[in-house]
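Biologist: I would like to go through this model term by term. Please set each value against its definition before concluding anything.

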Amino acid sequence: MAAGPGDPKPRSRPAVLGDVAALAGVSAMTVSRVLNAPDRVRAETRARVLAAVRELDYWPNTAARQLVTGRSGVLGVVSIDTTLYGPASTLYCIEQTARLSGYTVSIASLSALSRRSIEEAVHRLRSQSVDGVIIVAPHESASDGLRHLPPDLPVVAVDAGEGIPVPVATVDQRAGAARATRHLLSLGHETVWHLGGPVDWIDASDRIEGWRGVLEAEGRPVPEPLRGDWSPRAGYQLGRRLAEDPSVTAVFVANDQMALGVLRALREAGRRVPEDVSVVGFDDIPEAAYYWPPLTTVRQDFREVGRLAFHLLLDRMAGEEREPRRMVEPDLVVRESTGAPGGTPR
C-alpha cells in the first residue's frame, strides 16, 4: 500500500534531526533545545518532539552534540546493587526522568557503598565522558565517599545523610514515621512498638527518630526498637517475639516486606489484626493493598525524588546552586490493618 500524504515516508537511512523537526512541526533549533535543555521548551511542544523522536527511533549523534555543546548527553548513576523496592524504584525513576529529557544513563551498580567503591565507580563513569553523576547513597558508609568527589564534576546524591557537600534529594523519612506513629496513637493505643531496618541504613535510622520523637513528645512509653534486615523472614522472626507480649497492641514496621512477616507471625500466634494488634508498614509496595488484611502504610513518591535529583543535577551542570537538601513529603495510606484497641479497622 502506498503511503498517504500524512504518513512518514519510508526511509533507507537513520532519522536525522530534520526528520524529527518535520514530523513534530517545529524547527530544528526547537528539537535541539528539547534534547539538550528541555526546561526551556513548553511542555506541549516538548511532548510533541519526544513523540516524534520515539516514532522515528531517532538517536542523537552524541559526538556531534558534544562538539557543539561541550556535553555528551550522558549522565552517570551510582547505586547499590539491590532488589529492595525503595532503591530499585528510585533508580528506575531517575533513569526514566533522564531518558524522557533526552539523556542517556550509564549505571554503575555496587555491592557495597564505601569511599573506595564510590571513587572507582565515579572514575569509570568519567571515562565515559558523563556530564554529571547522581549517587544513590542510602548507607551511612557512603558518607565518606561523598565528601571526596572530584570538585570539577557535577554531582548530586539521593537518600544521603546530612552534612555532605553536594545537593541531596530524598523523602522526609522522619515525617513519614511520625505520621504512622501519630495515626496509631490517635486510634487509642497507649504506645507503638517499632521494627526497624538495618543499622547502616540512613532511612532506617531516620524512621526510628521520627517514631521516637512522637512518642517522647506525647509522653508515651518508648519501647526498645527491634532491628531487622528488610526481609519478610526478619519480620516474621521478630514478629513472633512481639506476638508473645500481650501488651503489644500497635506496631510500626520500617518497610512493607517485614510487615508481611509480622502479619503472618501474629496470625499464627492467634493475635488478630487489627482487633488485637494494629500494623503499619512503609513504602506502599504494589502488593501492600492485597495483603490480608490490606496494609496501612506510608507511601513514598519515588517519581518526584527522581525528578528532583535530575533537576538538581541540571542546575549543577549549569553552575547554579539551589537548596542543599530537597525533601519530598510522604503520604499515609490508611487501610484495614489498623484500628482501635479491641475494636474495628479504621
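Biologist: Over which residues does pLDDT stay under 50?

Modeller: Over residues 1-6. pLDDT is the predictor's confidence in each residue, from 0 to 100. For that stretch the model has zero contacts beyond four places in sequence, a contact being heavy atoms within 4.5 Å. The mean pLDDT of the protein chain is 88, and 89% of its residues reach 70 or more. This is a predicted model, in which local features need pLDDT of at least 70 and side-chain atom pairs count only at pLDDT 80 or more, while totals for chains, interfaces and linings use all residues. Residues are numbered from 1 along each chain as its sequence is written, and side-chain values use heavy atoms, with hydrogens and water left out.

Biologist: What makes Asp203 and Arg207 a salt bridge?

Modeller: The term requires a side-chain nitrogen of Lys or Arg within 4 Å of a carboxyl oxygen of Asp or Glu. The closest N and O atoms of Asp203 and Arg207 are 3.8 Å apart, so the pair meets that cut-off. Both residues lie in helix H9 (residues 202-217), four residues apart, about one turn of the helix. Helices (H or I, at least four residues) and strands (E, at least two) are DSSP runs, numbered from the N terminus. A search of the whole structure finds 12 salt bridges.

Biologist: Why is Arg272 called partly exposed?

Modeller: Buried means under 20% relative accessible area, exposed over 50%, and partly exposed in between, with a 1.4 Å probe and protein chains only. Arg272 has 48% relative accessibility, so it counts as partly exposed. Its salt-bridge partner is Asp276, with the closest N and O atoms 3.2 Å apart. Asp276, at 23%, also counts as partly exposed. By contrast, Asp203 and Arg207 are buried.

Biologist: Is Asp284 buried or exposed, and how do you know?

Modeller: Asp284 has 11% relative accessibility and therefore counts as buried. Arg299 has 37%, so Arg299 counts as partly exposed. These two form a salt bridge, their closest N and O atoms being 2.7 Å apart. Arg299 lies in strand E10 (residues 296-299) and Asp284 in the loop between strand E9 (278-283) and E10, so the pair ties together parts that are 15 residues apart in sequence. Salt bridges that share partners join Asp284, Arg299 and Arg335 into one network.

Biologist: What is in contact with Thr90, leaving aside its neighbours within four places in sequence?

Modeller: Val158, Asp159, Phe302 and Val305. Thr90 is placed in helix H5 and, at 1% relative accessibility, counts as buried.

Biologist: How many cavities of 30 Å³ or more does a search of the whole structure find?

Modeller: One. On a 1 Å grid over the protein atoms alone, a cavity is a set of points where a 1.4 Å probe fits but cannot get out, and lining residues have an atom within 4 Å of a point. The largest cavity has a volume of about 160 Å³. Its lining has 17 residues, of which Gly86, Pro87, Asp203, Arg207 and Asp283 lie nearest its centre. H5 supplies the largest share of that lining, four residues.

Note on methods: On a 1 Å grid over the protein atoms alone, a cavity is a set of points where a 1.4 Å probe fits but cannot get out, and a pocket is an open set with protein on both sides within 12 Å along at least five of seven lines; lining residues have an atom within 4 Å of a point. Grid points are joined across faces, edges and corners, and a volume is the space filled by probe spheres set on the points.
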